[in-house]
Amino acid sequence: MARYYRYKLPPWARQCLFILERITLPIMIFQLVRTLFIPTTFDILLLGILIGLFIAFYLEWI
């Protein structure tokens, strides 16, 4: 089975993926601060999704 290769994507999709990869960390930090001050169930779930997305980008799963 071939490994997912992001550079085979169309240029517009690859650009969107790079932009999403760059903005994940600042949004995650903002959400962490927001969750520390006003913790709701939605904030905790959103923070978990953002952390998972960040780890996936870091380990190059996406």
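**Exercise 1. A charged pair**

Task: Is Asp43 buried or exposed, and which side chain meets the side chain of Asp43 in a salt bridge?

Solution. 
- Step 1. Asp43 has a relative accessible area of 2%. Buried means under 20%, so Asp43 is buried. This value, like every other here, comes from a predicted model.
- Step 2. Look for a partner. The side chains of Arg34 and Asp43 meet in a salt bridge, with 3.1 Å from N to O.
- Step 3. Check the cut-off. A salt bridge needs the nitrogen within 4 Å of the carboxyl oxygen. The pair is listed at 3.1 Å.
- Step 4. Classify the partner. Arg34 has a relative accessible area of 41%, so Arg34 is partly exposed.
- Step 5. Count. The structure has one salt bridge by this rule.
- Background: side chains of opposite charge can pair when their charged atoms come close.

**Exercise 2. Helix lengths**

Task: What span is expected for H1, and what span for H2?

Solution. 
- Step 1. Use the rule: 1.5 Å times one less than the number of residues.
- Step 2. Apply the rule to H1. H1 has 27 residues, and 39 Å is expected. From first to last C-alpha, H1 reaches 40 Å, close to that value.
- Step 3. Turn to H2. H2 has 18 residues and should span 26 Å. The end C-alpha atoms of H2 are 26 Å apart, which agrees.

**Exercise 3. The bend in H1**

Task: Where does H1 bend, and which residues does Thr24 contact beyond its neighbours within four places in sequence?

Solution. 
- Step 1. Find the bend. H1 bends by about 35 degrees at Thr24.
- Step 2. Look just ahead. A proline, Pro26, follows within four residues.
- Step 3. Classify Thr24. Its relative accessibility is 2%, so Thr24 counts as buried.
- Step 4. List the contacts. Setting aside those sequence neighbours, Thr24 touches Leu50, Leu53, Phe54 and Phe57.

**Exercise 4. Two helices face to face**

Task: Which residues of H1 are buried, and what do they pack against?

Solution. 
- Step 1. List the buried residues of H1: Ala13, Leu17, Thr24, Met28, Gln31 and Thr35.
- Step 2. Find their partner. These buried residues pack against H2.
- Background: an α-helix has 3.6 residues a turn, so residues three or four places apart point the same way.

**Exercise 5. A positive phi**

Solution. 
- Step 1. Read the angle. Phi of Glu60 is near 60 degrees, a positive value in a residue other than glycine.
- Step 2. Classify Glu60. Its relative accessibility is 54%, so Glu60 counts as exposed.

Note on methods:
Residues numbered from 1 in each chain as written. Predicted model: local features only at pLDDT ≥ 70, side-chain atom pairs only at ≥ 80, totals over all residues. Heavy atoms only, no water. Bend = angle between axes of the 7 residues up to and from the residue. Buried < 20%, exposed > 50% of the residue type's maximum accessible area, 1.4 Å probe, protein only. Contact = heavy atoms within 4.5 Å.
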